[in-house]
Amino acid sequence: MTDSGPRVVVIGAGIIGQSTAYYLAHAGAAVTLMDSDDGPSPTSRSSLGVLTHAYGADDAYSSFYRDCHALHEPLSALLFQETGIDVGWRPLGGIDLAFDEGEAGTLRDWVDLNLSRGAEAEWLDESALREAEPGLTTAALGGARFPQDGRVDPVRLGTALRVAAQKRGTVVRTSTTVTEIRPLDGGVDCHLAMASGECTESYDVAVVTTGAWTGELAPSVRVRPIRGQSGFFSGVHVRHVLRWGGLHALPDGDDTLVGGTVDEVGFDLTTTDAARQEL
Ligand SMILES: Cc1cc2nc3c(=O)[nH]c(=O)nc-3n(C[C@H](O)[C@H](O)[C@H](O)COP(=O)(O)OP(=O)(O)OC[C@H]3O[C@@H](n4cnc5c(N)ncnc54)[C@H](O)[C@@H]3O)c2cc1C
């Protein structure tokens, strides 16, 4: 411990590590945020930034999702005050599209479920859907609209969290890979590899926020990488976050951003023609 609170190392500076550092720094911890890279994480910078408010399930995960969602609007305002960075929070609203009667029935149930727990939701028949999304040319026969869905810019959000954490004393170390964590009595030893060499540092607490790489540092945590691809499309305009078949489309400036492909190819970051076709 130091006078300023526990010494915490946050390992991995993606969106989760940056927000962990931010909240710990606010709570008075002496935070060091480390990342093996020197730029935004390939995962967090690729995110579409969609903040989905409503789900069809009524379980603990679903309510955790809603609680987290509710933090974004006040957090965006606070980060703007603290850093002057607009994280791009926008209440776009989301629409899940139905292409057959089976999907329409499921989505109507989602609307009822979300209304029953106090969320905003409405079923749009085909003509209401066309009015809400005039650019839609698909054969969708209706959709479930969730007006509270929103979006942030994930890179700007991460930057604002990190800058605000630094203003509260967080030390950021890039190009620093943690290769091993050894628990000690009342603390942890972290073995670090940097261009300048290797060393061991002691902290009171280590928080592992290494995303898909977590299994390398903590093999008991079973996490595997899944590649997702997205693309910008010009000349197509949407107003909401549209969802169908696991994909998302949303407005991004004058373009439409479409994403959500899923491949089990390990840490391969290359983009593919197959994904472009799918999107
Ligand atoms: C195309 C695409 C679209 C997506 N869209 C959305 C969306 O709309 N909404 C949404 O909520 N989510 C979305 N996601 C998911 C979201 O991007 C991820 O869930 C999120 O970015 C994970 O953040 P993270 O901080 O956990 O991990 P990461 O961003 O992967 O960060 C982990 C960090 O740990 C570092 N690291 C790893 N090992 C070590 C080590 N040993 N030592 C030091 N540093 C280490 C890495 O360099 C990396 O920077 C999308 C993902 C993709 C790919």
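Student: Which residue does Arg-243 form a salt bridge with, and how far apart are the closest N and O atoms?
Tutor: Arg-243 forms a salt bridge with Asp-149, and the closest N and O atoms of the two are 2.7 Å apart. The pair links distant parts of the chain, since Arg-243 sits in strand 14 (residues 241-244) and Asp-149 in the loop between strand 6 (142-146) and strand 7, 94 residues apart. A salt bridge here is a side-chain nitrogen of Lys or Arg within 4 Å of a carboxyl oxygen of Asp or Glu, while helices (H or I, at least four residues) and strands (E, at least two) are DSSP runs numbered from the N terminus.

Student: What kind of model is this, and how are residues numbered?
Tutor: This is a predicted model, in which local features need pLDDT of at least 70 and side-chain atom pairs count only at pLDDT 80 or more, whereas totals for chains, interfaces and linings use all residues. Residues are numbered from 1 along each chain as its sequence is written, and side-chain values use heavy atoms, with hydrogens and water left out.

Student: Back to that pair: is Arg-243 buried or exposed, and what about Asp-149?
Tutor: Arg-243 is buried, with a relative accessible area of 8%, and Asp-149 is buried too, at 0%. Buried means under 20% relative accessible area, exposed means over 50%, and partly exposed is in between (1.4 Å probe, protein chains only).

Student: Where do Glu-264 and Arg-224 lie?
Tutor: The side chains of Glu-264 and Arg-224 meet in a salt bridge, 2.7 Å from N to O. Glu-264 lies in the loop between strand 16 (255-259) and helix 8 (273-278), and Arg-224 in the loop between helix 7 (214-217) and strand 13 (230-233), so the pair ties together parts that are 40 residues apart in sequence. Both Glu-264 and Arg-224 are exposed.

Student: How many salt bridges does the structure hold?
Tutor: The structure holds 15. One of them runs between Asp-86 and Arg-90, with the closest N and O atoms 3.3 Å apart. Asp-86 counts as partly exposed at 35% relative accessibility, and Arg-90 is partly exposed at 40%.

Student: New topic: how far does helix 3 reach?
Tutor: Helix 3 (residues 60-83) has 24 residues and reaches 33 Å from its first C-alpha to its last, close to the 34 Å expected at 1.5 Å a residue. The expected span is 1.5 Å times one less than the number of residues.

Student: Where is the kink in helix 3?
Tutor: A kink of about 35° lies at Glu-73, shortly before the proline Pro-74; the bend at a residue is the angle between axes fitted to the seven residues ending there and the seven starting there. After helix 3 comes Gly-84, whose phi is positive, near 75°.

Student: What do the buried residues of helix 3 pack against?
Tutor: The buried residues of helix 3, among them His-69, His-72 and Leu-75, pack against helix 1 (15-26), strand 3 (50-51), strand 7 (150-151) and helix 6 (154-167).

Student: Which residues is Thr-159 in contact with?
Tutor: Leaving aside neighbours within four places in sequence, Thr-159 is in contact with Gln-18 and Ile-85, where contact means heavy atoms within 4.5 Å. Thr-159 and Ile-85 are 74 residues apart in sequence, yet 8.2 Å apart in space from C-alpha to C-alpha. Thr-159 itself is in helix 6 and is partly exposed, with a relative accessible area of 25%.

Student: Which domains does the domain assignment give?
Tutor: The assignment gives domain 1 (7-49 + 154-217) and domain 2 (94-152 + 226-278), with bounds that come from an automatic or database domain assignment. The C-alpha centres of the two domains lie 33 Å apart, and nine residues of domain 1 are in contact with 10 residues of domain 2.
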